[in-house]
Structures are given as structure tokens and as C-alpha cells.
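Notebook open, structure loaded. I want to go through the nonpolar core, the ring pairs and the surface, in that order.

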Amino acid sequence: MSPLHTARMPPTQAECVIKNIIREIGQECAGHGEIVSETLAAFVVKAVVLDPSNGFNMDRPLVKSDVQKLVKLCVSRLLDSKNPSLDTIKMQVYFDMNYTSREEFLEEHHRVLESRLGSVMREITDNRACTREELESLYRKIVSYVLLRSGLGSPTDIKIVREATAALQSIFPQAELGTFLTLSKKDKERQLKEFTMIVTGIRLFNRDCGKGGEGIDDLPAILREAIPATTQHIDSQLQTAQDQAYRYTAILEKAASNPLLSMELQPSMLKEALYNVRQYEIFLQIILSDIITCAQEVELMIKKLGAQLEQLKMIVKSKTAVPTSQVFPIFIALSNLWTSFQDEIVLISVLSNLTTRLEPFLGTHELLFPEKVMQNLLDGLTVKTDVSRVKEHLEDRVHLVDFRKQEWLFPETTANFDKLLIQCRGFCPYTFATADGLLLPGNPAIGILKYKEKYYTFNTRDAAYLFAENPENYIGLIKEKAKKNAELIQLLELHQQFETLIPYSQMKDVDKHIKPITMSESSTQTDTHILPPTIMRSYEWNEWELRRKAIKLANLRQKATHSVQTDLSHMRRENCSQVYPPKDVGTQSKREGSSRVPRPQIYIAGLRGGQGKVTSGVKVNLTRAVDET
């Protein structure tokens, strides 16, 4: 970012002047034992130039005396160890240089891992092994690459190397090295990555079955312990910062209504301390939001990991051989999940470290406002929280009938009410402009003012009415106040007014405007029948009914036409018909009859025996013939 505009100078010459100024400031500070980064020096240069009290004119070129004065003022400000404003600027610069969004961090993390593994991969892909010893050495390098890329154990641990080698041999025997060497470089790289994922999946499955997994940490369990601990620590720091901000705000409100206290208190220093702790609070909220996202992702990944392992167990069971088409995709999915766990571990560590590094920028509070002094100032005061301030004016809403030109948004009329980008970081712009930079949270329930595609909230209805009467005036006052305290530019997100001081982490959000989706009650009515009804009695929607009618019409071809005479039409024409008279006719349908079957009469003579020893019988049939009956 360019910290200074030099009028009527070519770009290259202006850049050289700026670099020389920054370099000279760094050298002066180093001579006093203070190491200052170029980014911080550039920010302070811009802050000093923007401050009207320093008398720099942006419309004329800098002469030598101006440069010397600028360097002196910047060095003096950078060496001030009891300046909350400088601590806030340092905090903003540090956060801007060390914080990135989740997506950007993971992308950069993977890029760094790829660059670290580049030399090992080149040793494998450029290898031209021929002898047996060279092939064995190449295979060992592949095993080392798999371990380094997966991050599951050290390639110097014998047990881990043996386990990884056994898993690799199950999918890529050493005998296939010759085929591997014939592949192109891209195919080799693709296969190495695929080998890594499959071997990782095999080792994770063996670990779950209790048959391996040497050197593999239980990342889900570690994350389940680390995330709540980190969240609790940040919540504690956030609560402390908010309590401090509430106390500063209460004292400043008292000083605004008591001129004598204002003269004794140095309210400007107290306001700078308030800006410092509010900025710290905002940064903690950003970090906490990222950690909550991590927690949600981890819970989702743990469920997926359990499901994948169960599916793998169902496929494998006690089989000695399983089709690779079934298990390899699951092994790869397990590897990707574990890589995601590793990413979350690194991200949590970075966010936790960032939180710790922000704490030193609060050191001036205890020096300038010790607890004893704070207690004396708070004597008899009621410290209000942001939530309590919002509840005080929850029922005080803007009346739309009082405004004809301004547009006001409310929760019940705006679908994306909670997603609108509120100006001044949600603080009341009217109070800030009229109370010499006092920060009070705005209350969206009162109503959100839409002015030139920007949205403003206010802490009271009266503040909303007064700001709406002349928004440009109060916006100008806010800008002038920000020139005197450059840390307000990032704190209140006044980037469009000071484009040269946009932090890199927020540059992508400068032109991002979320338009409100307004809602309103409406009703419409239509006539029942706009056109005269046309009802076709012969219409049939059922194709089977149409089929029945078609068959009926087709059968008429085989029918004859007949005429009949009715009582209503017998006077219209003469008709006659001829009939045959009835006659007596008799028919015989049956007669009575009977038949008799002859009764069989069969006799056997000689059964009583005779004088001889052998008895012989004679069969005599005396049955009468059928025709004799």
C-alpha cells in the first residue's frame, strides 16, 4: 500500500522518496533499540500525514524540510511506549500481516507442503535405476515420500517404515518398478500421490482394527480437547476486553457531562485506550468465529470417518482378498479426511498462537489506568454492557411517517436484515461525531438508515433523527476525526474514505455490497371467469373413455337402421306392421318308462360231496335272458 501521495512526481520517483523515508525511519528507530517493520513505518507515515495538526499539505511536493519533519514525527511516535494509539496501530498491522481467511490459509498451507516435498518427488521421478540395488533404493525413497506426504510418522522409525512398506507392497510390489519407470513424469507424480492416499487409508484402517497404525496420533480426540480449550481461553479474553471497554465507556460518558472531570482525566488518552480494547475485541471475535467453524467441520468429519470405517469393515470382514474397485475409493476417502484433520490441527494452532501474540498490544492499559485509578473513576457509576444499552431502547423505533426521502429498514420488512454491512462497524455514527469519538453500539431494532447504498445504526431514536437530517455533515466529522486517530480507519472500516490504508485482509470486502431484500404484505385478486365459459360436453380427458366410444362407433357399421312408432309421433304419418296370429301348439317333452335287469341265479351242484375222495362241483346258470324279462 502507498503511504503517501507526492504531488507532481513521476510514480518511480515518488516510490523512491517513500522508500527512502521508510528506510530512514527504520534506521532511526533501530538506533534507539526499536525494531520497526516497513509495513508499520508506512502506516505511521500515512497517519502522520493525514493528521491536520501536523500541517502537511497533500497537494504540494515534499521538500527536504518536510521530509525531515515527517521522519522526526514518525520516529517520535514509534518510540512512544505509553501510547494506546500506537499499540492499536501495531496490533492492526500485526493482525493484517498474520491473519488470512480459512480458505486462503489452507491453500497456502498445501502449497508450502507441496514445495517442501518437491525435491523428494524429483529424486523419484527423475530416477533412472537399472541395477537391483538402485531399484531397492528407489523403492525405499518411495516409502519415505509416502510417509512424508501423509504425515503419519517419521521415515526414520523402523517400525513405521516396515508398516508403510508392507502396505505399499500390497498395492505396488517392487517388481512393478520397471513399469513405473517407463511412465511420464506427470503420471509418476499422479501415481505417487495415489499410492500415498491408499497406503494412508490402509494404515488408518489397520489402526482402527488394532493391527497397526504405528506412530499415528488420534487427531479427532486431540481436536475434541484442543477446540474447547482454545474457545474457552478466547471467550475469557473476550469477556475481559469487553468488561474493560464497558468501564472506559462509562467513564467517558461521565466525563462528557462533567467538565471538571474532563479536565482532570485526559479523555483523549482514555478514548485511545477504548479504541485499543475495542479493536482487540473485534480481532478476538474474528478468531473465535474461525474456531467455531473449525469445530463444526471437525464434528462433521468425525461422523464421515466413522461411516467410512464401518463401510470398509462390512466390505472386508474376514475375507482374504477384496476387489480393489471396492476398497481403494474408501482408502482414498479416509486419507482425504485425515488430511483435513491435520489441516484443522494446524489452523487451530495458528489461531491460538495469533491470539497469544495480540495480548502484548494491551500493555499500556495497566500503566496508564491502574485498577485503583479505575475504581476511583467508576465510583458511583453504573457500568452498562452493549446488550443492556440495546435493551434500553428496544421499543424506540423510527416512525416512517416522519421521513419521506430517507429509506429505513426493519427486521420484519427485510429478509437479510442480519447480513447487511453496517457502517462504522455497527457503532452509532451520530454519537461518534458529536461526542468527540465516543463509541456506543448501534441498535438495529430502532431502524437501519439506508443512505447512498450504505447502512447506519444508532443507539437512540433521537440520534437517528438528527443524523438523518444531515448525514453528509456527520460523515464529514467522522472522517476528520479519523484523520487525527488513524487507527479508527480500520476499527470503523472507513476504507472507502482512505483507500491507501485498506488492509490486505479486507481489500476483497471493500466493494462488496449486500443489498437488502425488502418484504411487504400485498394481495391480488382475479375474476373467477374473465372470459365467457366455453364448456365442451363432448370433451373427455380419459383416453379409455375415448377408446370405448371409438369401438362403439366402429360397431355401427354392422348394424341396421330401424324405425319405431311412438305415441307422440303416430299422428304425423301412417305406419303399418304385420304380425302372425298366435296358434295352439303342443309338444311332448318326456314319457314315463322303466327297465328291469334280470336277477342273476347261479347254482353249484355237488358241494355236499359223494362217495369218492375228490369233491367236484357243477356250476349251473339259471339266469333268464334280458329279452325274456
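By nonpolar core I mean a set of buried Ala, Val, Leu, Ile, Met, Phe, Trp, Tyr and Cys residues joined through side-chain atoms within 4.5 Å. The model I'm working on is a predicted one.

Core. I looked up the largest nonpolar core, and it has 118 residues. The members touching the most other members are Ile142, Leu168, Phe172, Phe341, Leu358, Trp408 and Phe458. Helix α12 (residues 267–316) gives this core its largest share, 21 residues. I also noted a second, separate core of 27 residues, with Ile18, Ile22, Val67 and Ala486 among them.

Leu358. I skipped its neighbours within four places in sequence and listed the remaining contacts: Met91, Tyr94, Phe95, Tyr280, Phe283 and Ile287.

Rings. My search of the whole structure turned up 16 aromatic pairs. I picked Tyr94 and Phe361: their ring centres are 5.9 Å apart and the planes sit at 50°, so I logged the pair as tilted. This pair links distant parts of the chain, 267 residues apart, with Tyr94 in helix α4 (residues 84–98) and Phe361 in the loop between α13 (324–358) and α14 (364–368). Both Tyr94 and Phe361 are buried. I also found a cluster linked by ring pairs: Phe403, Trp408, Tyr430, Tyr456, Phe458, Tyr465, Phe467 and Tyr474.

Surface. Which residues form a nonpolar patch here? I get Tyr603, Val618, Val620 and Leu622, with about 350 Å² of accessible area together. Val618 belongs to strand β5 (residues 618–621). Its relative accessible area is 48%, so I put Val618 down as partly exposed.

Conventions:
Residues are numbered from 1 along each chain as its sequence is written. This is a predicted model: local features need pLDDT of at least 70, side-chain atom pairs count only at pLDDT 80 or more; totals for chains, interfaces and linings use all residues. Side-chain values use heavy atoms; hydrogens and water are left out. Patches are made of residues with over 30% relative accessible area and no salt bridge: like charges are joined within 9 Å, nonpolar side chains (Val, Leu, Ile, Met, Phe, Trp, Tyr) within 5 Å. Accessible areas come from the Shrake-Rupley method with a 1.4 Å probe; for residues, only the protein chains shown count as cover. A salt bridge is a side-chain nitrogen of Lys or Arg within 4 Å of a carboxyl oxygen of Asp or Glu. Helices (H or I, at least four residues) and strands (E, at least two) are DSSP runs, numbered from the N terminus. Buried means under 20% relative accessible area, exposed over 50%, partly exposed in between (1.4 Å probe, protein chains only). Contact means heavy atoms within 4.5 Å. Rings of Phe, Tyr and Trp (its six-membered ring) pair if their centres lie within 6.5 Å; planes under 30 degrees apart count as stacked, over 60 as edge-to-face and the rest as tilted.
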